[in-house]
Amino acid sequence: MGKAINPMIAIEFIIGSLEVGGAERHLSQILPALKSLGFSMRVHVLSDKAPLKPIFDNAGIKVYLGPNLDWLPLALRKPTRLVISLTRLILSFLKNRNAIRHVFLPEAYLLTAVAARLTFFSGPLVMSRRSLNDYQQRRPILGKLERLMHRFTTIALGNSKAVAQQLYDEGFEPNKVYLIYNGIDLSPFQNLPAKHEIRDSLNISQDTLTFIIVANLIPYKGHIDLLNALGKIHSQLPKSWTLLCVGSGSGILDQLKEHAQTLGISDHIEFLGKRLDTPQLLGAADIGILCSHEEGFSNAILEGMAARLPMVVTNVGGNAEAVEDMHTGLVVKARNPESLADALLSVALAPELRTRFGQAGFERIKQHFTLMQCAKKYADFYSSLTELQS
């Protein structure tokens, strides 16, 4: 840390959309912080889907969107978008051959790497991997193409040691892999009302033991495992308990509701959908959960810790790098409802343990995972790239 920022450093960030996803939200927080540190930047978006664009506009960061293709027949939209996106990228490389290109998510990475080769771009090309590479097993051709393009990439960024290890395994040399953990803005958690006030506003009884999971309803997030775990222990929990499921539905909501009904716990489960008051919901809870089957490095875990919640998480990706087992929470096997049930019951029945884990988690966030700490690591990283080019 502490390097002087070169005001001439210009970065073009490339991403498929600015929808409300993990990588997109990460950019919406980090880029304004980087701009405040003196960097020049723009965002090249391959599609026109950009509900997060106002955040960048308010920070004075230029965003260039792709065209709206909704007027085309559905079968033609994707191939047309790919052709237009590649063309736009080629023109961008030809127009500015000096900027650092930093790419997020697989499709944008592949198109950018191709455009770089076609234009003989020799400047810094950075790829960020935000998740484990399980998606390559579902899309093997994509995986092969990614590995092919790695040889033309200056450096790869991972957001956990687990992700970085997979990048090594895919062929990157150790000196071409860099680790930057996520960081979060603590301000939404610093002036929350008292828990009893939040609960009153949400109509949650003061004596209700409240679990919370913040994760979109996607099969790999493990909601079925969580319902099965709670089904095993619900008779041992306090009479008044609830699980708040925060996240948008994607086709499995009805399945989850039916499964909860079968387990006899449906009266205790609330599916809240996508919410804008997540800090308040976390502030009302007693225990945070993330039971995913695959993960890069989850901001949902960091936010739970920022709200002083003891976290029960599965040992995948960077989960165990954020949550220290038996210090800030409990780390359990993935796809194992029995282990999850035991962990949930142990913290549910131990209020003092919950308080100790929660406070330790908050201190860990302040020491290692704040937004500005993350932004300064990016700043040092970009400065080091320009030093290599000089």
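Predicted model: local features only at pLDDT ≥ 70, side-chain atom pairs only at ≥ 80, totals over all residues.
User: What makes β5 and β6 partners in a sheet?

Analyst: Two strands count as paired if at least two bridges are found between them. Strand β5 (residues 125-129) and strand β6 (residues 155-158) are joined by four bridges, so they meet this requirement. They run parallel. One of the residues concerned is V126, whose bridge partner in β6 is I155.

User: In what order do the strands of the sheet that contains β5 stand, and why is the sheet called open?

Analyst: The order is β3-β2-β1-β4-β5-β6-β7, seven strands with parallel pairing. β3 (62-64) and β7 (177-179) stand at the edges with a single partner strand each, so one side of each has no neighbour in the sheet. Neighbouring strands here are turned by 25 degrees against each other on average, direction ignored.

User: How do you know that helix α3 packs on this sheet?

Analyst: Contact requires heavy atoms within 4.5 Å. Helix α3 (residues 74-95) touches β1 (10-15), β2 (40-45), β3 and β4 (100-104). Its direction makes about 160 degrees with that of β2.

User: Why is T112 called buried?

Analyst: A residue is buried when its relative accessible area is under 20%. T112 has 0% relative accessibility, and therefore counts as buried. T112 lies in helix α4 (residues 106-118). Leaving aside residues up to four places away in sequence, T112 touches I14, L89, F93, V103 and L125.

User: What makes β5 a mostly covered strand?

Analyst: Five of its five residues are buried. On one side of β5 these are L125, M127 and R129, and on the other V126 and S128, so that both faces are covered.

User: How is β5 connected to β4, and why is the crossover between them called right-handed?

Analyst: Four bridges join β4 to β5, and the two strands run parallel. R101 stands opposite L125 in β5. The chain crosses from β4 through α4 to β5, a β-α-β crossover that is right-handed. The name applies because, with the strands pointing away from the viewer, the path from the first strand over the helix to the second runs clockwise.

User: What is the strand order of the open sheet of six strands, and which strands stand at its edges?

Analyst: The order is β10-β9-β8-β11-β12-β13, with parallel pairing. The edges are formed by β10 (269-273) and β13 (329-332); each has a single partner strand, so one side of each is left without a neighbour in the sheet. On average, neighbouring strands of this sheet are turned by 20 degrees against each other, direction ignored.

User: How do you know that β11 and β12 pair?

Analyst: Strand β11 (residues 287-290) and strand β12 (residues 311-314) share three bridges in the parallel sense. Since at least two are needed, the strands count as paired. L290 has V313 as its bridge partner in β12.

User: Which helices lie against this sheet?

Analyst: Helix α10 (residues 223-233) packs on the sheet and touches β8 (209-214), β9 (241-246), β10 and β11, its direction making about 180 degrees with that of β9. Helix α13 (residues 299-306) lies across β8, β11 and β12, running at about 165 degrees to β12.

User: What is the volume of the second largest pocket, and which element gives the largest share of its lining?

Analyst: The volume is about 390 Å³. Of the 22 residues that line this pocket, K195, G283, A285, A307 and R308 are the closest to its centre. The largest share of the lining, five residues, comes from α16.

Methods. Residues numbered from 1 in each chain as written. Heavy atoms only, no water. Axes fitted to C-alpha atoms, helices over the stretch in contact; angles between N-to-C directions. Buried < 20%, exposed > 50% of the residue type's maximum accessible area, 1.4 Å probe, protein only. 1 Å grid on protein atoms, 1.4 Å probe; cavity = no way out; pocket = protein on both sides within 12 Å on 5 of 7 lines; lining within 4 Å. Points joined across faces, edges and corners; volume = space filled by probe spheres on them.
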